[in-house]
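Look at the structure below.

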Amino acid sequence: MQPVPKLRFRDTQIEMAHGAGGKASRRLVEGLFVPLLGAPSAGPLGDSAYVRMNGTRLAITTDSFVVKPLRFPGGSIGELAVYGTVNDLAVSGARAETLVVTFVLEAGLPTEILEYEVRAMAAAARRAGVVIAGGDTKVVEHGKADYMYIGSCGIGRLIDGVEVSPESVRPGDRILLSGPIGDHGITILLARGELDLEAEVCSDTRPVLPLIEAMAAVAAPGIRWMRDPTRGGVATSLNELALDCGLGICLAEEQIPVHNSVRGACELLGLEPMHIANEGQFLAIVAPEFADAALAALRAAPGGQEAAMIGEVREQPAGTVLVSTLYGGTRVIDMLVGDPLPRIC
Amino acid sequence: MCLAIPGKIVELLPERENLALVEVSGVRRKIDVGLLNDDPAKAGDWVLIHVGFAMSKISERDATDRMRVLAMLGEDEAAMREIEGYGLVESEPGSRGIRSGGS
Amino acid sequence: MRFVDEFREPELINKTAQEIRRLTDPQRHYRLMEVCGGHTHAIYRFGLKDLLPPNIEFIHGPGCPVCVLPMGRIDDGLSMTEQPDVIFTAFGDMMRVPGTHGSPLEYKARGADIRIVYSPADALKLAQTNPDRHVMFFAIGFETTAPSTGLTLMRARALGIRNFSVFCNHVTIIPAIRAILDSPDMRLDAFIGPGHVSTVIGCRPYEWIARQAGRPIVVSGFEPLDILESIVMLLRQLKEGRVEVENQYKRVVPWEGNRAALKVMAEVFQLRPYFEWRGMGFISQSALRLRDSYAEFDAEQRFRIPGIRVTDPKAAQCGEVLKGVLKPHQCKLFGKECTPELPVGALMVSSEGSCAAYYNYEHRRAALTSLGVTAPAL
C-alpha cells in the first residue's frame, strides 16, 4: 500500500505570499503539491520537468502570467507569456519548440486589448523561434480575472552537451549573471502608479536562449546549473540552489550589476535589488576551467555585454548565500519571505 | 523611522506651494518641502527625503569635511609614531588625531 | 549615488576600522546601544560586525516604531476596516505585523481594502481621488515621521477634506531611552544616537544622557562610514574619560533641530499622558495624539475601536529583547514558533526588528561557529 503522504503545509488560507516565489511559495509546493502529486522519488524542483519519449529526452514546463498592469515600459503580458516559458526551458538546457497557451479572460475585456496581447505573443514567438500550436480560452465573470490571465506550456529538445542539475555543482564553481538585476520588478512596481515614482526603467523581458547557446558553444561541459531568477529575484534562486546542493554561495556585492535607476528606486523604497523579479536574465553555475570563456562568450553576444561573474560556490557555509562588500563586511541574504514591500524604517 | 535618502531638487513645482521634484539616482518623485520653510529649498539643493518630505538640507561642506577627517586617520598616527621615534614628544591621551565632531 | 557612495568607500572604511581596533582596550568589553532600528538594520546589512573587534557588543535599542506597537493597537486599526467604505492605508512596514486576527496583508486577503503608501501625502491624495470612500492612515514612527503626518493634516484641513483620518501611533524617543537607562538590568557604556530623529529634535534633548546618566552619545548617520566614525568618537570619549553629546551626522543634523518641523508638530499634536510600549509597559508622555483642534481627523474619535489590551504570549520575550536585556536567540520562541515567515512578534517581522536581523545573520553565523566553521572572508 502506498503510504499516505504527510501534508506539511499548515496555513489555513492562501495568501499573496504563496505566489511570490519565495519561502511561502516553496512551502506550498513542498508541503502540499509534491506530497500529493509528486512521484515518491521526485528530485529537487527545477524550472522544467524532463521526460523521455521514444528515446528522446525532452523538457516540458508551464507557467502562468497574471501581471498587472498588462502593459508596462519594455513589454506586456503577451511577451512575458512566451518568453517566460521559453526561458524556463532554456535554463533547463532545452530549446523550446512548441507552446500551447490558455487564456482566462474577464467578461467586458475590450477586444483591442486582447488583440494587442495576441499580436505581442505572435511577435515574441517569432523572435524566440517557437510555434504556438494551440490553446484554450475561458471567460469568467467581470471582476474575476483582472482583464486576463495567460498560461503557457512549452516543450523542447535538450541542447546537445548541456546537462544541468544541482547535484553537479561543486565547490569552486563560478557564478555568472547575464545582466543587471531588478529592472522588471521595479518597472512593474512603478507602472502600478501607487508610489508616484518616475524613472527611466523598463522591463528586461527577452528570450535568453541565444545567450545560453553562445555560452554553451564554448563551455557546455562546464555548465552545471542554470535558473532564470523571476519572482523572488537572484537571492531566492541562489538560496534554493544552496539548499538543493548543500553548498554555500558567496557573492561579491560590487560585481552584481544594477542599473542606477533600479538602485535609486530600491534605496528610496527600502527594497533589496536581489529580491526583485527579472524576466530577461539568468544565472549560471560554471566550472572554474570554463568560467572565463563562458563569461567572454556572454559579453560578446548581443544583449550580453553587462554579464558578470558575481561569486563562487564554496563548501561552507552550507545551504546559505553570503554577500560580501568591498570593505570586508559580510551578510547573509535569505529567500524572499513574501512580496517585496516598500518600507520607511 | 530611519529610512531617509539624499536627493537633488530638480525644480520647484508651480502646481502647489512647497512641492518640488526631487531626483535620486535617476528616479524622480514629487516631495513636500514644507518642513524646510525656515531656509527654503531651491533647485540644485540636496535634501534628505523621508516618506515623501524633505527633512533637512545636506551640507556638502560638512560631508567633505567628514571625508577629509577620516582620510587623515592613520596618517596622523604614522606621523606621531615618527615624531615619537625622535624621543621629543610624550604621547598623551587626547593629544593625537582628530577633534570630535561636536565642536 | 551622491552622499551615499562616498560613505561606503572601502579604503576609508578600512582606515576607520583600523582606528577602532587601535582604540579598543583588549581587556575591556564595550556595550554600545544603537537606539534606532535603522542602525540595527544598517549594521547587519553592511556586515559591520565583521570589521569590529569581538569585544565591541551592540545592544539593540527600542527604536523600531513598528516593534514597540502593542498588538491591541494593530487590532484597533484593523477594526476600522469593518466599515466597507474604509480604505486602510499604511507604510509597507506594517503589512505583515500580526494582529490577534491576522496581519493587514491577511485582512487584505480576506477582502479588506488595505493599501500600502510611501507617504502620508499619498494617503491624502487617495482621499481626494476617492470622495465616496473614507481613507484612514495608520500613522507610525518617531519624531522623524510625525512632522510629515502633521503637515499632511494641516493640508487636509486647508483643503477642507472630509473623508480622511489618521490613527496616530507616533511615539517619542527620549522617554524610551530614559526607560532603558532606568532598567535595573541594563549595563551600557554608550549610545549610538538616532540620526534621522535628530534632524527634527536636534541634539539638545540628549544632553541629560551625558550629564545625568553619565553615558556618551554620538548622533550618527546610517552609512557604514558614519556608524564606524561614530564608534571611533564614542571610543575616544570612553578612553579619554569624556562624557558628551557629539554630532557625527553634521551634514544633515542641525544641533538645534528643525524648528519648522517642531512647530508643525506642536500645532497638530499633543503628548498623551501615557502610552503602552510593547514589552516595556506604560511610559508617560511618550506618544502623540491629535489635538482637539484636529479632532475631525482623529480616527480614534471617528471610529469606535475595541481598545483591548492584548498581552503577548507568555513565552514571547519581545520586551526583554527590545530593552536589550536578552539577545534574540535567547527568547524561547526564537527560530521555532517565531520566524520571519511566521512571526509571533513585530521584532521578527519588521526589517529593523532585532530578531529579524539576528535571524537572518547571526543565527546562521552562530550555528556555523558551533560547528567549528567561521564565515569566510571573501
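## Two domains in chain C

Chain C splits into domain 1 (1-313) and domain 2 (318-370). These bounds come from an automatic or database domain assignment. The centres of the two domains of chain C, taken over C-alpha atoms, are 19 Å apart.

Here 27 residues of domain 1 of chain C are in contact with 20 residues of domain 2 of chain C. Contact means that C-beta atoms, placed from the backbone, lie within 7 Å. On the domain 1 side, α2 (37-45) and β2 (56-63) of chain C each give two or more residues. The largest share, five residues, is from α2(C). Helices (H or I, at least four residues) and strands (E, at least two) are DSSP runs, numbered from the N terminus.

## How the model is read

This is a predicted model: local features need pLDDT of at least 70, side-chain atom pairs count only at pLDDT 80 or more, and totals for chains, interfaces and linings use all residues. Residues are numbered from 1 along each chain as its sequence is written, while chains are lettered from A and ligands numbered from 1 in the order in which they are written.

## Where chain C touches chain B

The contact takes 51 residues from chain C and 35 residues from chain B. On the chain C side, α10(C) gives the most, with six residues. That side has 22 nonpolar, 15 polar and 14 charged residues. Ala, Val, Leu, Ile, Met, Phe, Trp, Tyr, Cys and Pro count as nonpolar, Asp, Glu, Lys and Arg as charged, and the others, Gly among them, as polar.

Conventions:
Contact = placed C-beta atoms within 7 Å.
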